[in-house]
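This report describes how two protein chains meet and how one of them is built. Please consult the sequence and the structure shown here while reading.

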Amino acid sequence: MRSVLGGLVEGASRTTIVDLEAGLEHLSRGTARYVDTLLIVGEPYFKSLETASRSFALAKELGIGHVRMIANKVRTPRDEDSVREYATRHDLPIATVVPYDDAVVEADERGMALIEYGPAAPSVAAIRGLADALLTSSAARGGQGGH
Amino acid sequence: MKIAIGGKGGAGKTTIAGTLARVIAEHGQPVVAIDDDSNPNLALTVGVDRNAASTLDGIPRDMLTERTDPDGSKHLVLAVPAEDFIDRFGVAVRDRLTLLVMGGPNHGGSG
């Protein structure tokens, strides 16, 4: 079904959000061509950041325009500093920092959507901020569906 | 907007993808959340019963057509407009938000 994914992303006039297979190796050129923003989720430890960095390189090869990192499960100011320092050193722009949040684990344990379990949880607040930023920059680029 | 979310397994990409889809739909934009992971869990994070979200593995073949690339490789492409396809095979999660699950654990595994 992978070849169909590219056609779906290409042809959809509504906003598309694709949850990719883990690791970018499966992201085909056919799909990447139609993606305007790739968000790479990384955690604040060295191995995860190294993986994110490799994904950035791959995304660049595939020609994706906007590639950003989401620093997830950030527990302490020190975590955040180290992620930001790594990101700056390796030229990986950060879209947002999502704090570590017990609500994520608790929602999962209950089999619930995070946004329903903790609509005001800190992680959800960070994702709301990310959505605002994405919508603003999309509007600046010419709106929904624009290339 | 055409957004893709990647990352290592366990990094939290599915939770972020599902929540982001919900939030953007709340902003008034129609959204399709597409689960391309071979271990599909996006249904849970957008807030729909996983069992309600069947995969595309069993879709009627007349929805797809085979295309041959200039290099001779063949692959399946949509035979109908993407929006029609999403309306027909997507699961309505709530207002303005539709979920599409590409495939189950075996999808893509055999080539």
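Two residues are in contact if their C-beta atoms, placed from the backbone, lie within 7 Å. The model discussed here is predicted. By that definition of contact, 57 residues of chain A touch 54 residues of chain B.

Several elements of chain A give two or more residues to the side that touches chain B: the helices α1 (2–11), α3 (46–62), α6 (114–117) and α7 (122–140), together with the strands β1 (15–19), β2 (37–42) and β3 (66–74). Among these elements, α1(A) gives the most, with 9 residues. The residues on this side of chain A fall into the classes listed in the table.

| Class of residue, side of chain A that touches chain B | Number of residues |
|---|---|
| Nonpolar | 30 residues |
| Polar | 17 residues |

β1(A) and strand β1 of chain B, residues 2–7, run parallel and are joined by 4 bridges. Within this pairing, which residue of β1(B) stands opposite A:Ile17? The residue opposite A:Ile17 is B:Ile3.

Chain B itself may now be considered. Chain B contains 3 helices and 6 strands, and its elements follow the order β-α-β-α-β-β-α-β-β from the N terminus on. The C-alpha trace of chain B spans about 40 × 30 × 25 Å along its principal axes. Chain B has 111 residues, of which 46% count as buried. Of the contacts in chain B with a separation of 6 or more, 59% are between residues 24 or more positions apart.

Technical notes: Residues are numbered from 1 along each chain as its sequence is written. Chains are lettered from A and ligands numbered from 1 in the order in which they are written. This is a predicted model: local features need pLDDT of at least 70, side-chain atom pairs count only at pLDDT 80 or more; totals for chains, interfaces and linings use all residues. Ala, Val, Leu, Ile, Met, Phe, Trp, Tyr, Cys and Pro count as nonpolar, Asp, Glu, Lys and Arg as charged, and the others, Gly among them, as polar. Two strands pair if DSSP finds at least two bridges between them. A residue is buried if 20 or more other C-beta atoms lie within 10 Å of its own, exposed if 12 or fewer, and partly exposed in between; C-beta atoms are placed from the backbone.
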